[in-house]
Amino acid sequence: MRHPPPLTALLGGAVLTLVSAVSAAAGAGPVTADPPACSVAYSTVNQWDGGFQASVAITNNAVPTSGWSLGFDFAGGQHLTQGWSAIWSQSGSKVTAVNESWNGSLGTGASVTLGFTGSWSGGNPAPTAFTLNGLACSAGSGPSPSPTGTPTPTPTGSPTTTPTPPVGAPVLGVSGNRLTDQSGTTRRLLGVNRSGGEFMCVQGHGIFDGPVDDAAVQAIADWRANTVRIPLNEECWLGLDNIRPEYRGTAYTDAVKALVARVLAHGMTPVVELHWTYGQYTGNSAGCPDVHASCQKPMPDARYTPAFWTSVANTFKDDRRVVFDLFNEPYPDRATATTDQAWACWRDGGDCPGIGYEVAGMQDLVDAVRATGSRNVVLVPGIAYANDLSGWLAHAPSDPTGNLAAAWHVYNFNSCANESCWTSTLAPVAARAPLVAGEIGENTCGHAFVDRVMKWSDDRGLSYLGWTWNTWDCSSGPALISAYDGTPTAFGLGLRDHLRALDGH
């Protein structure tokens with residue numbers, strides 16, 4: 001969507017449980033055991049070539065504390081890359097996690113769960129000793145997970161029960177016209193958009209619109225979504241000085257990384273997407289006259305967008321579970337005289353007719369991502385607000401890794417909004433490349449239209465993401481929920497019930 005409504009203000013894998021117990025005996029009589037300082041359950045919830053994700057559950061068995069610090073050593077030369085639910089740091093092999101302001105209170109018997117991602121080379125043994133506030137927690141040992149690249153299935157029921165399919169966000173790649181995981185299994189991206197990161201910061205109100213904590217992300221997972229698209233703002237990410245200091249640069253990127261990590265921790269694929277960009281455009285269908293990234297522009301800008309994607313790709317290139325969506329809704333066709341000019345501008349950028357700033361084309365952005373060494377799947381949207389893919393195959397950018405997918409958006413008010421058009425213009429693209437509907441929605445507060453979109457897509461094994469997981473008035477713009485606990489609107493009810501009814505997506 002071009003404009004938000006006005007503002008009103010991992011599972012699976014090998015598990016190693018480490019439980020401390022210090023025994024002591026003095027004099028005659030039976031041996032008694034002092035209570036352990038803490039119990040720690042360390043789980044490698046996902047592992048892939050060169051990287052892994054872990055969960056650490058701490059139970060305080062000592063006196064209550066208003067602040068805590070967990071310590072442990074990596075035994076295999078691993079390196080911490082990012083973490084959540086604590087302030088993480090690493091010095092040499094020593095890792096420290098200090099409480100956040102909101103979870104520092106830990107009473108006797110109380111627990112807190114943390115998580116992080118890391119890199120490894122050669123081996124990924126689990127830590128064998130932990131401390132809580134300096135008190136040692138001696139630990140047992142257990143098997144380290146092998147680098148399978150695919151989460152280990154978790155058996156259910158009796159030993160003869162067939163294991164459940166692998167869970168957790170997959171490491172994605174492109175095989176022909178399919179998205180596949182590391183085992184070659186076809187994967188579909190089915191879920192929601194989590195709008196806010198594109199507009200809150202530039203408007204000076206915050207970073208996200210509404211909560212994005214663990215409970216809020218769990219509410220998305222409860223719909224049986226497997227993907228969350230996260231729209232971003234390039235000026236906020238790059239830290240430009242027109243953005244308030246508390247919402248730009250490191251503050252913004254850390255918040256995005258934490259949300260990505262939480263999405264992954266709940267077994268879902270994060271799609272990191274560039275929504276609002278720099279560049280003054282006042283032509284046909286202009287969203288705003290502002291030079292800054294305060295609305296949807298017809299094309300990305302050459303001044304900042306390649307730098308944005310270089311930075312984003314460097315941030316996430318070691319985790320191929322993260323998908324990149326290059327630009328929300330290109331509409332060079334509204335500025336140029338011909339469709340041929342629009343598609344040329346779309347691919348090659350430069351000085352485009354009708355656009356007063358230097359444009360970064362889709363090829364420029366693919367090149368910026370791949371120059372970092374990233375092999376993450378990249379979504380490339382079409383023109384006409386991503387609704388027209390008629391020229392996508394003829395103008396698609398080249399990708400040395402072969403990991404491009406086509407992205408399209410469809411609403412009931414778009415030009416291409418019926419099965420006949422989808423079959424004639426989208427099906428040929430879907431026959432050659434993975435096709436992801438990055439946004440589906442309707443402005444009716446109902447779901448009859450998206451029901452048709454999902455049926456057409458299901459019949460062809462395609463992906464789709466509902467717009468949007470925000471508590472807006474669905475009559476002013478498609479909003480899936482009325483509360484961040486996942487309570488659906490009448491529009492969102494259709495997507496929620498459909499996702500829950502799908503078999504094993």
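These exercises walk through the nonpolar cores and some of the disulfides of the structure above.

This is a predicted model, in which local features need pLDDT of at least 70, side-chain atom pairs count only at pLDDT 80 or more, and totals for chains, interfaces and linings use all residues. Residues are numbered from 1 along each chain as its sequence is written, and side-chain values use heavy atoms, leaving out hydrogens and water.

**Exercise 1. Find the residues that touch the most other members of the largest nonpolar core.**

Start with the terms. A nonpolar core is a set of buried Ala, Val, Leu, Ile, Met, Phe, Trp, Tyr and Cys residues joined through side-chain atoms within 4.5 Å. Buried means under 20% relative accessible area, exposed over 50%, and partly exposed in between (1.4 Å probe, protein chains only).

Next, look at the core itself, which has 105 residues. Those touching the most other members are Trp309, Phe324, Leu326, Ile355, Trp392, Trp408 and Trp422. Helix 3 (residues 250-265) gives the most to this core, with seven residues. Helices (H or I, at least four residues) and strands (E, at least two) are DSSP runs, numbered from the N terminus.

Finally, notice that another core, of 26 residues, lies apart from this one; Phe74, Leu80, Val112 and Ala126 are among its members.

**Exercise 2. List the contacts of Ile355 beyond its neighbours within four places in sequence.**

Contact means heavy atoms within 4.5 Å. With those neighbours set aside, Ile355 is in contact with Tyr281, Pro298, Met299, Ala335 and Cys345.

A disulfide (a pair of cysteine sulfur atoms within 2.5 Å) joins Cys345 to Cys352, with 2.2 Å from S to S. This link is right-handed, with 100 degrees about the S-S bond. Cys345 is buried, at a relative accessible area of 2%, and Cys352 also counts as buried, at 6%.

**Exercise 3. Decide whether the disulfide of Cys288 and Cys295 is left-handed or right-handed.**

First, check the pair: the sulfur atoms of Cys288 and Cys295 are 2.1 Å apart. The torsion about their S-S bond is about -70 degrees, so the disulfide is left-handed. Both Cys288 and Cys295 are buried.
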